[in-house]
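Here are some notes to read with the model open beside you. Take the points one at a time and find each residue as you go.

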Amino acid sequence: MAQLVPTLAYPLLARVYSPAEYGTFTILVSVGAILTVVAAGRYHMAIMLPAAEADAVRLASLALVFSSVVSVVMLVPIFFLRGQAGRLEPLAESSQWLLVVPLMVFLGSAFETLSYFSMRRDRYVDVTRAGVIKAFVASLAQIGLGVAGMGVAGLVTGNLASLATANARLLRTYRNAARPVGCDLARYRDLAGRYKDFPKYDLWSSLANALSYNLAVFGFATLYTSATVGSYALAYRIVVLPVTLVGTAISQVYFREAARRTHSTMAALHAFDRVVKVLVAVSLPPFAVLLLFSDALFATFLGETWRYAGSLAAALVPLMWARFVSSPLSTVYLVYGKQRALLCWQIGILSLTMVSFLLGHLYAWTPKHLLSIQSLALAVSYALLLVGARRVVQGAGRRSGAD
């Protein structure tokens, strides 16, 4: 439901917002997404790991404090940089809204932290309901404000309102668990030190990952127009739907289950192989349809203005299919303490993305040509990530002598 609601809203959103308006909003969201990755110091990813519930509460608190401080601090550079961004034509409209990014970052980071904490306590239903509320609020607000002619302001306001309401839904679980836990600063320091590999390695790995995903937005904004950015952004959102609809949910649950199976290599490998088979089976039909019919589907459901977005969507299919199958299993790198290996892979992904845009600039590639080459190259990288993840599980068994 959380993914179905915005999917059903796309035909209406596409008719009340232009590609250029959607492109401006996407640039803001991309800036926020990159900064959200670093805001909590990645300590929210460690919430699943400690045996004591009180330590999980402390890690959640630590992540929320980091998010608050980082969001406030980033106001200063954003205030001074928005003038420079306004001088670039594709970024001129976005620069007027940059001051809302810190709030967007705090709300997004808090939602991640509260979601992982709720899952730690097996409150999967709460996380699901929060996702549905978030989707409903965003869709209804953006459609209503778009009909009222608010343009980019409508998209931004709907986004912030959806994050705020979703956080309010999840806050109760954290608040109830945090009440009995005292403010032991020494214990907080111990936990920060014990899980220091998350800010030390996973932060940079995740930042490289976020940059590689969002670099395309800035690349298209630099090489082409805001309308092209908008077409790419909507194409990406629709093609990534299977990843977010099924892949993210499986990733979150698999992370929890993988952490429970580290004592048995046989059980860990069985779970790994089973998830791969499920992901391949459920992903082939929707991705095949998008590859073959995306032009016609976009023109029919979103309007003829968005037909070009359909051709970009077809170019994205190889990357998204490989990402759908590989990303949920990549959490084994965190479970088995292989953050450095994941960081190296993410740097490789970022490098490939940057090289593709450099070549696109040098050889004057069209957006679809550039996107097709980039998609195939990154798909191969995700396949290598999957192979490496299985070897990590096998290697852990050999080192420990587990069955």
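This is a predicted model: local features need pLDDT of at least 70, side-chain atom pairs count only at pLDDT 80 or more; totals for chains, interfaces and linings use all residues.

1. Residues are numbered from 1 along each chain as its sequence is written, and side-chain values use heavy atoms, with hydrogens and water left out.

2. Let's begin with two loops. Most residues other than glycine have a negative phi. Asp 122, in the loop between helix H6 (101–120) and helix H7 (124–147), has a positive phi near 60 degrees. Arg 42 is not a glycine either, and its phi is about 65 degrees; look for Arg 42 in the loop between helix H2 (19–39) and helix H3 (53–73).

3. Are these two residues buried or exposed, or in between? Buried means under 20% relative accessible area, exposed over 50%, and partly exposed in between (1.4 Å probe, protein chains only). Arg 42 has a relative accessibility of 9%, so it counts as buried. Asp 122 is partly exposed because its relative accessible area is 42%.

4. Next, the aromatic rings. Rings of Phe, Tyr and Trp (its six-membered ring) pair if their centres lie within 6.5 Å; planes under 30 degrees apart count as stacked, over 60 as edge-to-face and the rest as tilted. The structure holds twelve such pairs. One of them joins Trp 345 and Tyr 382: the centres are 4.9 Å apart and the planes are at 75 degrees, so this pair is edge-to-face. It links distant parts of the chain, 37 residues apart, with Trp 345 in helix H16 (residues 339–362) and Tyr 382 in helix H17 (residues 367–400). Trp 345 is buried at 16% relative accessibility, and Tyr 382 is buried at 1%.

5. Now find the aromatic cluster formed by Phe 220, Tyr 224, Tyr 232, Tyr 236 and Phe 357. Phe 220 sits in helix H10 (residues 197–223) and is buried, with a relative accessible area of 0%. Contact means heavy atoms within 4.5 Å. Leaving aside neighbours within four places in sequence, Phe 220 has contacts that include Tyr 232, Phe 357, Pro 367 and Leu 371.

6. Grid points are joined across faces, edges and corners, and a volume is the space filled by probe spheres set on the points. Among the residues lining the largest cavity are Tyr 232, Tyr 236 and Tyr 382.

7. Finally, visit the second largest pocket, with about 440 Å³ of space. Of its 19 lining residues, those closest to the centre are Thr 7, Ile 238, Leu 241, Leu 290 and Leu 297. Helix H13 (265–302) is one of the helices that supply at least two lining residues, and it gives the largest share, nine residues.

Methods:
Helices (H or I, at least four residues) and strands (E, at least two) are DSSP runs, numbered from the N terminus. On a 1 Å grid over the protein atoms alone, a cavity is a set of points where a 1.4 Å probe fits but cannot get out, and a pocket is an open set with protein on both sides within 12 Å along at least five of seven lines; lining residues have an atom within 4 Å of a point.
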